[in-house]
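Biologist: I've got this protein open on my screen and would like to talk it through. Can you walk me through it, one question at a time?

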Amino acid sequence: MTVCTRFAPSPTGYLHVGGARTALFSWLYARKHGGRFILRMEDTDRERSSVESVNAILEGMTWLGLEYDEGPFYQTERFSRYREIVEQLLASGHAYLCYCTREELEARRAEQIARKEKPRYDGRCRERQSPREGVSPVVRFKNPLEGQVLIRDLVRGTVVFQNSELDDLILARADGTPTYNLTVVVDDMDMGMTHVIRGDDHLNNTPRQSNIFYALGKEPPVYGHVPMILGPDRQRLSKRHGAVSVISYREAGYLPEALLNYLVRLGWSHGDQEVFSVDEMIKLFDIADVNQSASIFNPEKLLWLNQQYIKKSEPAHIAHHLSWHLGRLGIDPSEGPDLIAVVQAQQERAKTLVEMAHNSVPFYRDFDGYEETAARKHLKASVREPLQDLRDRFEKAQCWEASTLHEILLATVERYELKLGKLAQPLRVAVMGRPISPPIDVTLELIGRERTLARIDQALAWMSHRETSTATPSGHETA
Ligand SMILES: Nc1ncnc2c1ncn2[C@@H]1O[C@H](COP(=O)(O)OP(=O)(O)OP(=O)(O)O)[C@@H](O)[C@H]1O
């Protein structure tokens, strides 16, 4: 039997981290067992579903690398099939037409509450034979009245539900549209689902869905209900409450594998290992090791993991993701130094790709002004002469490589009896516009000879201009 799992979101918003982790567990289960992973859009709520949400979910899945083998399937395209199954259940006596009106149901409900009973449909139309004038009936499932439903849950172990606790749920509304529990069963049956791994917010639906499977003469799939991810307020993250979209993590400079790693560890562990490649996740993931309790999303830990991934990933891989961020800043990396070298120079320190992209801008684009405090501190009159000298030596450099540039810088500071930083920092501000960059020799190599010389000239001119404009009538500098 080939394992088949699915992710079945309702396209009523973006893909958020809670849904994404449930998708990841389902995907890992399929991959680990050499099975199929299906994507299904549960879009029957036409009011709340939208094409934009479908696209946002697809974008999130693609970015995370949770590729699906089949789908996306859309429930709205399967209405005739749902109708067929409703007819089948009616014909086999597992469903019946219910003519109770909304007002009657509400009145009975109020009475049940007044008697301190659990409000539920009282089964009045179960044996009804004749239609009722002027009322369009709904179709209800004839839930067994006795016995139990036993769920052997992959995460929670055996969970028992009493049939006496379950309502005769509505399968089709008066206008003929199918309800959630019916569509899910028909799809899971038709799509050959062997394992349904979903959030434990669905646990109460499971005995109802299992009974519909039995009524159709089928074995239900194996279920695994994974715990919820909660926000800092301990409320379940959902599209309607506090969830952060997966794509906003892309925009904030996270690597998809860092987010996957964070999500897999949220509620699952393998010894004390923290960092897992996707291949390791597939190999080591065991749904039986998933916690039963909910987890709280911790953005600091995610940031820490992202930094680890930036440090350790292949530069070419980071370059691939970084170029997307540079594109957002209007930079075409092919118009400057090799992006892989730019990544290598910054891999040790960047926490996010947004930070790396921001710090990479001067490698690709000339800047207009300097960071103000840095310029005031480092581009001082006293440094003009050594900076000019350094510039002239750079111009004559035999080759434009970090080691040669380093030698030239050392020789210049020696000549002026300066500490290295006293010239390296002004140089950095001159060529980058700011006081932070990778090692200065590497920075210069990346910027290239022409740009470096032009930027030092620009800084020297800026310094002269500043000297004249800030000079007092007596000729003393005031800054
Ligand atoms: N906070 C969460 N933690 C873990 N899994 C979740 C969370 N929220 C939803 N899921 C799971 O993600 C899958 C898709 O859910 P769905 O699209 O209905 O998301 P939702 O955010 O609950 O939507 P809505 O805001 O409409 O309630 C389901 O299996 C659901 O159980």
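Modeller: One definition before we start: a residue is near a molecule or strand if its C-beta atom, placed from the backbone, lies within 6 Å of it. This is a predicted model, where local features need pLDDT of at least 70, side-chain atom pairs count only at pLDDT 80 or more, and totals for chains, interfaces and linings use all residues. Residues are numbered from 1 along each chain as its sequence is written.

Biologist: How many residues surround the ligand?

Modeller: Among the closest are P9, G18 and K239. R198 and G199 are also on that list of closest residues.

Biologist: Is strand 9 largely enclosed or open?

Modeller: A residue is buried if 20 or more other C-beta atoms lie within 10 Å of its own, exposed if 12 or fewer, and partly exposed in between, with C-beta atoms placed from the backbone. In strand 9 (residues 195-199), 4 of the 5 residues are buried, so this strand is largely enclosed by the rest of the structure.

Biologist: Which residue in strand 10 stands opposite R198?

Modeller: Two strands pair if DSSP finds at least two bridges between them. Strand 9 and strand 10 (residues 222-226) run parallel, joined by 5 bridges. The residue opposite R198 is H225.

Biologist: Is R234 buried or exposed?

Modeller: R234 sits in the loop between strand 11 (229-230) and helix 7 (246-251). Its phi is near 65 degrees, a positive value in a residue other than glycine. With 8 C-beta neighbours inside 10 Å, R234 counts as exposed.

Biologist: And E417, buried or exposed?

Modeller: E417 is in the loop between helix 16 (402-415) and helix 17 (420-432). Phi of E417 is positive too, near 55 degrees. Having 8 C-beta neighbours inside 10 Å, E417 is classed as exposed.

Biologist: Which peptide bond is cis, with omega near 0 degrees?

Modeller: Look at strand 3 (residues 70-74), where P72 lies. The cis bond runs from G71 to P72.

Note on methods. Helix = DSSP H or I, 4+ residues; strand = E, 2+ residues; numbered from the N terminus.
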